[in-house]
Amino acid sequence: DWFEDGTPARVIGTDTDITERKASEQRLLHLSRKLELALEVSQIGVFEVDVEKETTFWDDRLLEIYGLTGQPNVQRPDQWYGLIHPEDRLRTISRIEQHRGTNNTFSNAFRIVRPDGDVRHIRARVTPFRLESGETRILGANWDATHDIIIQEELAEANRLAEARNRELEEAKAHIEHSALHDFLTGLPNRRYLDAELTERAARSNDGMGATAILHLDLDRFKQINDTLGHPAGDHVLQHTAKVLRDSIATGDFVARIGGDEFVILASFAGSAERLASLAERIIKRLRDPIAFEHHQCRTGASIGIAFPSDGVTDAKQLLLNADIALYRAKSQGRNRFEYFSPELQKGAIQTKQLSDQILAGLE
């Protein structure tokens, strides 16, 4: 009803309790602020693609990441393509095309070139969704991973350098160990290596794992070559001898230069001396051949003493001494030959030593 002056005579209204709606609005506002704060703290830029209109909305953080602060928020896809690094462009677009029309969430990684020329590494996460109206949209997030990539590259480079340094150290260690156990001139194992190898083989022999024989070789007329043609010729002869010995021994045998013109071979011994005799004869025959050095022919030879365990027990030091006694016998019998050790030889050597001592004592 209304009064004659047009004012309402009565007012009718309703009150509605909107407490729950206001609470929901506050919760939504609070959640929105938390999301905004999270995006700001994480420095993640967000974009939304309108598939039908082929337009993309970028938030301010995304514009900042791409160096486009102050530019319009609405971009076209082809404008974004132009910012991708030329080397990554085809691969990046191809990955997007693979997921076009699907409902799959996917990731991408690429570099961009900002308008100021700065190159940045971008990581992306993209997912499609549908509005209630049925329109298709694509929501994506980009973040600048340049700092992480640089750290990864620096760590990878540091790791590469460390591995290279470790390889150098290992190579240096191996070189030092090799030099400590090998003769510099011939490359053969030296006396130190021989002692260790002989001790190990003697232990295996005593454990029933195969006996070892020793061939002690000394070059004949080597001093004459050094005195007449010089040490370079002598070195050449020693290197030739080392090659002959390496070529003559069987797999599993061991050859060392123990000093001067002396060499020692450790050969497997199966109870028969025939193989040892064949090996010694082959070496002596080859070392009789003239050795060419510059315009000269160096002629030398070899005497060899052979010793092997006879009682089933191998004493490394005694075996080496026995081979030395046999070598002395070979030299005293005219050189260019080999001799086996025998108890009679040892007895004769002892008697000769005693006689020599007695003669010296008598002269005194």
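Analyst: Start with L276, which sits in helix 9, residues 274-288. Keep in mind that this is a predicted model.

User: Why is L276 called buried?

Analyst: Buried means under 20% relative accessible area. L276 has a relative accessible area of 0%, so L276 is buried.

User: Which residues does L276 touch, leaving aside neighbours within four places in sequence?

Analyst: L276 is in contact with A213, L215, A267, S268, F269, I306 and F308. The cut-off for contact is heavy atoms within 4.5 Å.

User: How far is L276 from N108 in space?

Analyst: The C-alpha atoms of L276 and N108 are 73 Å apart. In sequence, 168 residues separate the two.

User: How do you know what span to expect of helix 5?

Analyst: The expected span is 1.5 Å times one less than the number of residues. Helix 5, residues 146-181, has 36 residues, and 52 Å is expected. From first C-alpha to last, helix 5 reaches 52 Å, close to that expected value.

User: Which residues of helix 5 are buried, and what do they pack against?

Analyst: T146, I149 and A164 are the buried residues of helix 5. They pack against strand 5 (119-130) and strand 6 (136-144).

User: What describes the packing of two helices?

Analyst: The angle between the axes and the distance between them. For helix 7 (residues 222-229) and helix 8 (residues 231-248), the axes come within 6 Å and cross at roughly 145°.

User: Which residues make that contact, and how do they divide by class?

Analyst: Helix 7 brings F222, I225, N226 and L229. Helix 8 brings H231, A233, G234, V237 and L238. The contact of helix 7 with helix 8 has 6 nonpolar, 3 polar and no charged residues. Gly counts as polar, and G234 is one of the residues in this contact.

User: What makes up the lining of the largest pocket?

Analyst: The largest pocket holds about 750 Å³ of space. Its lining has 33 residues, with V49, Y81, I96, R100 and I138 nearest the centre. Strand 5 gives the most, with 5 residues. By class, the lining has 17 nonpolar, 10 polar and 6 charged residues.

User: And what lines the second largest pocket?

Analyst: That pocket has a volume of about 240 Å³. It is lined by 12 residues, and F308, P309, S310, D311 and N322 lie nearest its centre. Helix 10, residues 316-332, provides the largest share, 3 residues. The lining divides into 6 nonpolar, 4 polar and 2 charged. F308 is also among the contacts of L276.

Key:
Residues numbered from 1 in each chain as written. Predicted model: local features only at pLDDT ≥ 70, side-chain atom pairs only at ≥ 80, totals over all residues. Heavy atoms only, no water. Helix = DSSP H or I, 4+ residues; strand = E, 2+ residues; numbered from the N terminus. Buried < 20%, exposed > 50% of the residue type's maximum accessible area, 1.4 Å probe, protein only. Axes fitted to C-alpha atoms, helices over the stretch in contact; angles between N-to-C directions. 1 Å grid on protein atoms, 1.4 Å probe; cavity = no way out; pocket = protein on both sides within 12 Å on 5 of 7 lines; lining within 4 Å. Points joined across faces, edges and corners; volume = space filled by probe spheres on them.
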